[in-house]
Amino acid sequence: METISENRCFGGVQGVYKHRSNTTGTDMTFGLFLPEEAQDGPVPILWFLSGLTCTHENAMTKAGAQVWAADHGIALCFPDTSPRGDDVADDDAYDLGQGAGFYIDATQEPWAKHFKMWSYTADELPALVSEHFAVDMSRQSITGHSMGGHGALTMAMALPGRFRSVSAFAPICNPTKSDWGRKQFAAYWGDESKWGPHDATVLMQGGGFDGPMLIDAGTDDQFWDLLGAEAFAGAMSAAKQDGQLRLQKGYDHSYFFISSFMEDHVNFHAEALWK
């Protein structure tokens, strides 16, 4: 594993690292913030999954999470959103291909060779982080934005017992009924009959999450019609899910929105991680 950079940050270290992934068959880059407490032993970890067009860098530099994570002694990991490289399949559209992995494992050509973001994010990267850094994998939580909110919600519900809490900012939460989802699932998986259980609303209808949940969405989100928040809210209510879905008046889809409520989300996860 190669260290790209390490910077002192709120008493801890914000690092960026690159490694060869056996899962994607490419070099992958991720950001990892370790609080000062990690010098004395393993600390809990909060995963942040980013949205369409993002890399590991967007949330790492714009979300403002490190200051709150440092207050609680929590590590933060910022994975990339897709495999990358000259020999990796891509598309001219911003919402397919590189930067748009959707946190699923593709089975259709030309995507199947490298687009294995579910296995990478759920399996390979946690194992790598656990091996090389002072992180307590028995205390994990997960959050994300937009496409990353989709990833966070689906991983939390599909991997019971893995995460102590889940949150999301403006998540895509009903992708099988949205143009942000149907297009990508059709490309990566082919015929609809082959689509896997990667829809948060469907997973909520199947039993929900075994812990607390927090979701924020802006009432001025320019992508509101693509998110499926109404369907997910109905599924949460029917499942009597422990959690909140909050509509934040006047906020949009941007990192200004995310940073405005990041303190709430880190505090929410800290309560679960330190129980």
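**Exercise 1. Classify Trp111 and Tyr188 as buried or exposed, then classify the geometry of their ring pair.**

Step 1. Trp111 and Tyr188 are both buried. Buried means under 20% relative accessible area, exposed over 50%, and partly exposed in between, with a 1.4 Å probe and protein chains only. This is a predicted model: local features need pLDDT of at least 70, side-chain atom pairs count only at pLDDT 80 or more, and totals for chains, interfaces and linings use all residues. Residues are numbered from 1 along each chain as its sequence is written, and side-chain values use heavy atoms, with hydrogens and water left out.

Step 2. Apply the ring rule. Rings of Phe, Tyr and Trp (its six-membered ring) pair if their centres lie within 6.5 Å; planes under 30 degrees apart count as stacked, over 60 as edge-to-face, and the rest as tilted. A search of the whole structure gives 15 aromatic pairs. For Trp111 and Tyr188 the centres are 5.4 Å apart and the planes stand at 80°, so the pair is edge-to-face.

Step 3. Helices (H or I, at least four residues) and strands (E, at least two) are DSSP runs, numbered from the N terminus. Trp111 sits in the loop between strand E5 (75-78) and helix H3 (117-132), and Tyr188 in helix H5 (residues 179-189). The pair links distant parts of the chain, 77 residues apart.

**Exercise 2. Work out which parts the pair of Phe185 and Trp195 ties together.**

Step 1. Ring centres of Phe185 and Trp195 are 5.6 Å apart with planes at 80°, so this pair is edge-to-face.

Step 2. Phe185 belongs to helix H5, while Trp195 lies in the loop between H5 and helix H6 (200-205), so the pair ties together parts ten residues apart in sequence.

Step 3. Check accessibility. Phe185 has 0% relative accessibility and counts as buried. Trp195 is buried too, with a relative accessible area of 14%.

**Exercise 3. Find where the buried residues of H5 lie around its axis, and what they pack against.**

Step 1. List them: Trp180, Gly181, Gln184, Phe185, Tyr188 and Trp189 are buried in H5.

Step 2. They cover an arc of only 105° around the axis, which puts them on the same side of H5. The arc is that of the directions from the helix axis to the C-beta atoms. An α-helix has 3.6 residues a turn, so residues three or four places apart point the same way.

Step 3. The buried residues of H5 pack against helix H4 (147-158) and helix H7 (224-227). Contact here means heavy atoms within 4.5 Å.

Step 4. Inspect the ends. Ser178 caps the N-terminal end of H5, with a side-chain oxygen 3.0 Å from the backbone nitrogen of Trp180. Gly190 follows H5 and has a positive phi, near 85°.

**Exercise 4. Count the disulfides and explain the count.**

Step 1. A disulfide is a pair of cysteine sulfur atoms within 2.5 Å. By this rule the count is zero.

Step 2. The closest cysteine sulfur to that of Cys9 is in Cys77, 14 Å away, too far for a bond.

Step 3. Both cysteines are buried: Cys9 has a relative accessible area of 15%, and Cys77 has 0% relative accessibility.

**Exercise 5. State the helix and strand counts and the buried share of the protein.**

Step 1. The protein has nine helices and nine strands.

Step 2. Of its 275 residues, 58% count as buried.

How values were computed: A polar contact is a pair of N or O atoms within 3.5 Å; within protein, one must be able to donate a hydrogen and the other to accept it, and residues adjacent in sequence count only if both atoms are side-chain atoms.
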